[in-house]
Amino acid sequence: MSGGANPNGAGAAGGGQPHGSAPAAPSAVNPAELQSVLSEVLSLRGATAAAFVTVDGELLASRSHDRALLEQTVSMITSALAAGTALGELFGAAAAPEGELGEAATPAGSFMQITLVFGDGPVLLTLLPGGAHVMVLALDSEGDLGRARLALKGRLGALAGVASRRETGNLMG
Amino acid sequence: MVNLEDILARLSRSLVGCRVAAVGSMDGLLVERHPAVGEGPAAQQAPGAAELDHVAADITSGLSLLAGEVSAQLGSRIDELIALGENGGYLARRVDDDLFCFVMVNATADLGSVRREVEAACRALRGALA
């Protein structure tokens, strides 16, 4: 695990322990609910790791069959989000008519989805409705991308609902 | 999660000469397929992963092109694309704005049955995804 996503408080990828004993935040989500949602996402064929993060890269919860893979994924989340935000700003600036940048322009970092393809398999970062949270999903191979994107697309609202109820816990499977 | 593979498996089994049934998305990515790579009867082995990825991308291009001026001239969107050769062919049908279902069949397939079964599968897919 490294520097990117902030593991503090929310549970590091390497922590390996459910976070149920931690002091609950005022609006803490039911850990079982988070675990259930992440498990469901992880049950998707080809999914190898799943995590909720904020758009700032703070890790809220994660789950994986493979601890090393999860740590590797978590370590690059912040960089990936920063790159996506920077590209989103560039794209927004290029797409907006001159003089209309501002409220009417695409908000900074308003990417909808980022796909990173590595030798170990692609990683999908999907912005959840509300723009505050990102679902991170690592996949086995590029052949799983279509299925994963479709599955996430139909569940964005539900995922956002869970993520927005201030979450804690690292749920290693 | 919706198990699209069950619907595709039913479609594949119901069609004589079907080598593969699949769902693709209009961004060019293959979503699901049946049978999996290397499965199916030896006489009609399913195409490999890379091959079917290319097919899905090509069908996406075809449907996108046909959704333009051709559809405009017809007054309604082209929802079905049939490509036939001596050894078989493909039939692709839009499920909705984002997805399409397609089958690859060999020369023994009956086109009428293929059209009917694919249409039924598309209805089932719409229901499953609703």
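Leu124(A) has Leu137(A), in strand 5 of chain A, as its bridge partner. The model is predicted: local features need pLDDT of at least 70, side-chain atom pairs count only at pLDDT 80 or more, and totals for chains, interfaces and linings use all residues. Residues are numbered from 1 along each chain as its sequence is written, chains are lettered from A in the order in which they are written, and side-chain values use heavy atoms, without hydrogens and water.

Strand 4 (residues 121-127) and strand 5 (residues 133-139) of chain A run antiparallel, joined by 5 bridges. Strands pair if DSSP finds at least two bridges between them. Strands (E, at least two residues) and helices (H or I, at least four) are DSSP runs, numbered from the N terminus.

Contact means heavy atoms within 4.5 Å. Axes are lines fitted to C-alpha atoms, for helices over the stretch in contact, and angles run from 0 to 180 degrees between N-to-C directions.

| Helix of chain A | Strands touched | Angle |
|---|---|---|
| Helix 2 (residues 67-75) | strand 1 (47-54), strand 2, strand 4, strand 5 | about 150 degrees with strand 2 |
| Helix 4 (residues 145-153) | strand 3, strand 4, strand 5 | about 20 degrees with strand 4 |

The sheet itself is open, with 5 strands in the order 2-1-5-4-3 and antiparallel pairing. Strand 2 (59-64) and strand 3 (113-118) of chain A are at the edges; each has a single partner strand, so one side of each lacks a neighbour in the sheet.

Chain A has 5 helices and 5 strands. Their pattern along the sequence is α-β-β-α-α-β-β-β-α-α.
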